[in-house]
Amino acid sequence: REGGLFVNWDAVEELFPAGVLDGMFGAFCGLVEWLAEGDWSGPVPVLVPAGQVAVREAVNAGVGSVGGGLLYAGVFEQPADRL
């Protein structure tokens, strides 16, 4: 529109927790701006809102080592231990 880009989102706000749509739209707008102005040879920007990144980092910091095995390996090892 007039040399620019017009973006419109329609959503049923009651279906989402407070702030989710704002975060989604902010991430979308950031990606569109990066596509329009950015260097496509570089990494794609982080699309997760900063507040969510902080929560994820805090949760992940409390998780211990997950080991080097395959995710499903424990399923097959458990019955063998019970024989």
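**Exercise 1.** In which segment or element is Ala18 found? Assign an exposure class to Ala18 as well.

Solution. The coordinates come from a predicted model, and the exercises should be read with that in mind. Begin with the chain position: Ala18 is found in the segment before H1. Next take the relative accessibility of Ala18, which is 83%. Exposed means over 50% relative accessible area, and therefore Ala18 counts as exposed.

**Exercise 2.** Which residues form the nonpolar patch on the surface, and where does Trp9 lie?

Solution. The patch is formed by Trp9, Val12, Leu15, Phe16, Met24 and Phe28, and together these residues have about 540 Å² of accessible area. Trp9 lies in the segment before helix H1, which spans 20-37. With a relative accessible area of 32%, Trp9 is partly exposed, and patch residues need over 30%. Compare this list with the pocket lining, where Trp9 and Phe16 are also among the residues named.

**Exercise 3.** What are the separations between the C-alpha atoms of Cys29 and Val7, of Val44 and Val20, and of Ala18 and Val44?

Solution. Take the pairs in turn, placing the residues as you go.

- Cys29 is in helix H1 and, at 24% relative accessibility, counts as partly exposed; its C-alpha atom and that of Val7, 22 residues apart along the chain, are separated by 8.6 Å.
- Val44 is found in the loop between H1 and helix H2 (50-61) and, at 54% relative accessibility, counts as exposed; the C-alpha atoms of Val44 and Val20, 24 residues apart along the chain, are separated by 21 Å.
- For Ala18 and Val44, which are 26 residues apart along the chain, the C-alpha separation is 27 Å.

**Exercise 4.** What is phi of Glu2 near, and is Glu2 buried or exposed?

Solution. Phi of Glu2 is near 50 degrees, a positive value in a residue other than glycine. Glu2 has its place in the segment before H1, and at 85% relative accessibility Glu2 counts as exposed.

Notes. Residues are numbered from 1 along each chain as its sequence is written. This is a predicted model: local features need pLDDT of at least 70, side-chain atom pairs count only at pLDDT 80 or more; totals for chains, interfaces and linings use all residues. Side-chain values use heavy atoms; hydrogens and water are left out. On a 1 Å grid over the protein atoms alone, a cavity is a set of points where a 1.4 Å probe fits but cannot get out, and a pocket is an open set with protein on both sides within 12 Å along at least five of seven lines; lining residues have an atom within 4 Å of a point. Patches are made of residues with over 30% relative accessible area and no salt bridge: like charges are joined within 9 Å, nonpolar side chains (Val, Leu, Ile, Met, Phe, Trp, Tyr) within 5 Å. Accessible areas come from the Shrake-Rupley method with a 1.4 Å probe; for residues, only the protein chains shown count as cover. A salt bridge is a side-chain nitrogen of Lys or Arg within 4 Å of a carboxyl oxygen of Asp or Glu. Helices (H or I, at least four residues) and strands (E, at least two) are DSSP runs, numbered from the N terminus. Buried means under 20% relative accessible area, exposed over 50%, partly exposed in between (1.4 Å probe, protein chains only).
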